[in-house]
Amino acid sequence: GNLPCISYYDWGNKALKFASKTDNMWRINVIEKDTNRDFIDQQQIYCSGYGYAILDDEPMAQSFIPQYPVLTRVELMLVKRYNPGGFTISIRENLSGEDCAAIHVSSPDIPADIAWNPFDFPDIYVHPGQTYYLVCTSENTEENNMYFWYCGHNNPYPAGNGWIYDHNAWELFKIPGLPNVDMGFKTFGLNTSIPEIPLLDGPTSGKIGVEYTYTISSHDADD
């Protein structure tokens, strides 16, 4: 008779899979796998047309709240003027705390035209629902050599805020005439808590043309 089988999409691994059961054992085959392995988690993609300089003594930051437990990479809406020094982006649990992860790049790695600049961290675990910060620092900037981080206003990302380190303290980033500023960013992540395969309960054999009832269930570790 026919053997029980199912096809399903494994969101955790971004793959379409086919599972069949013989002798009380599931055999799983990957039908197709998405090579872009992660997902956009959080983002602020609105640009008001303004970019703000990230100075050596005035780092900038954007807070965000991840929904996936693994953070894989970040993109920032940046532009470079002439030839400043190095650029560092860090992930922190608080603005003045230690880096959870950080990437340092040199000036040639940042294009002169406004663009989404990728920063591919080693994957790190984060706590979904908790606030984190993207902190940007620069080196050897001056009037004609600096990085600009573009932003949006009117609170385009309600789950966070733009920040600036000014007068030896972190404070909310404000631009006169542009209320509730958020910096341009995207974070990407993975949901590793999704089970590898759903549970299928029902007959293990059958006859052609006969209808059988099966129960499919799975557990969401986030619930």
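Which polar atom contact does the backbone nitrogen of asparagine 83 make with the side chain of asparagine 145, and at what distance? The backbone nitrogen of asparagine 83 lies 2.8 Å from a polar atom of the side chain of asparagine 145. A polar contact is taken here as a pair of N or O atoms within 3.5 Å; within protein, one must be able to donate a hydrogen and the other to accept it, and residues adjacent in sequence count only if both atoms are side-chain atoms. The model is predicted, with local features requiring pLDDT of at least 70 and side-chain atom pairs counted only at pLDDT 80 or more, while totals for chains, interfaces and linings use all residues. Residues are numbered from 1 along each chain as its sequence is written, and side-chain values use heavy atoms, with hydrogens and water left out.

The protein chain contains zero helices and 19 strands; helices (H or I, at least four residues) and strands (E, at least two) are DSSP runs, numbered from the N terminus. Of the 223 residues in the protein chain, 45% are buried, where buried means under 20% relative accessible area, exposed over 50%, and partly exposed in between (1.4 Å probe, protein chains only). Among contacts with a separation of 6 or more, 73% are between residues 24 or more positions apart, a contact being defined by heavy atoms within 4.5 Å. The protein chain exposes about 12300 Å², and carbon and sulfur atoms supply 49% of this area. Accessible areas come from the Shrake-Rupley method with a 1.4 Å probe; for residues, only the protein chains shown count as cover.

Asparagine 83 is placed between β7 (70-81) and β8 (87-92), and asparagine 145 between β12 and β13. Asparagine 83 is exposed, at a relative accessible area of 52%, whereas asparagine 145 counts as buried, at 13%. Beyond its neighbours within four places in sequence, asparagine 83 is in contact with Ser107 and Asn145.

Strand β6 (residues 60-64) is largely enclosed by the rest of the structure, because five of its five residues are buried. Met60, Gln62 and Phe64 cover one side, and Ala61 and Ser63 the other. Two strands are treated as paired if DSSP finds at least two bridges between them. β6 pairs with strand β12 (residues 132-138) in the antiparallel sense over five bridges, and serine 63 has tyrosine 133 as its bridge partner there. β6 also runs antiparallel to β14, to which three bridges join it; glutamine 62 stands opposite glycine 162 in that strand. In turn, β14 and strand β15 (residues 169-172) pair in the antiparallel sense over four bridges, one of which joins tryptophan 163 and leucine 172. These two strands form a hairpin with two residues between them, and histidine 167 in the turn has a positive phi of about 55 degrees.

Tyrosine 157 is found in the loop between β13 (146-152) and β14 (162-166). Tyrosine 157 is buried, with a relative accessible area of 4%. Its contacts, apart from neighbours within four places in sequence, include Gln62, Ser63 and Phe64. The side chain of tyrosine 157 makes a polar contact of 2.8 Å with the side chain of glutamine 42.

Four salt bridges are found in the whole structure, each a side-chain nitrogen of Lys or Arg within 4 Å of a carboxyl oxygen of Asp or Glu. Arginine 73 meets aspartate 38 at 2.8 Å, N to O. This pair links distant parts of the chain, 35 residues apart, with arginine 73 in strand β7 and aspartate 38 in the loop between β3 (25-33) and β4 (39-44). Arginine 73 also meets glutamate 75, at 3.5 Å. Asp38, Arg73, Glu75 and Lys186 are linked in a network of salt bridges. Aspartate 99 forms a salt bridge with arginine 92, the closest N and O atoms being 2.8 Å apart.
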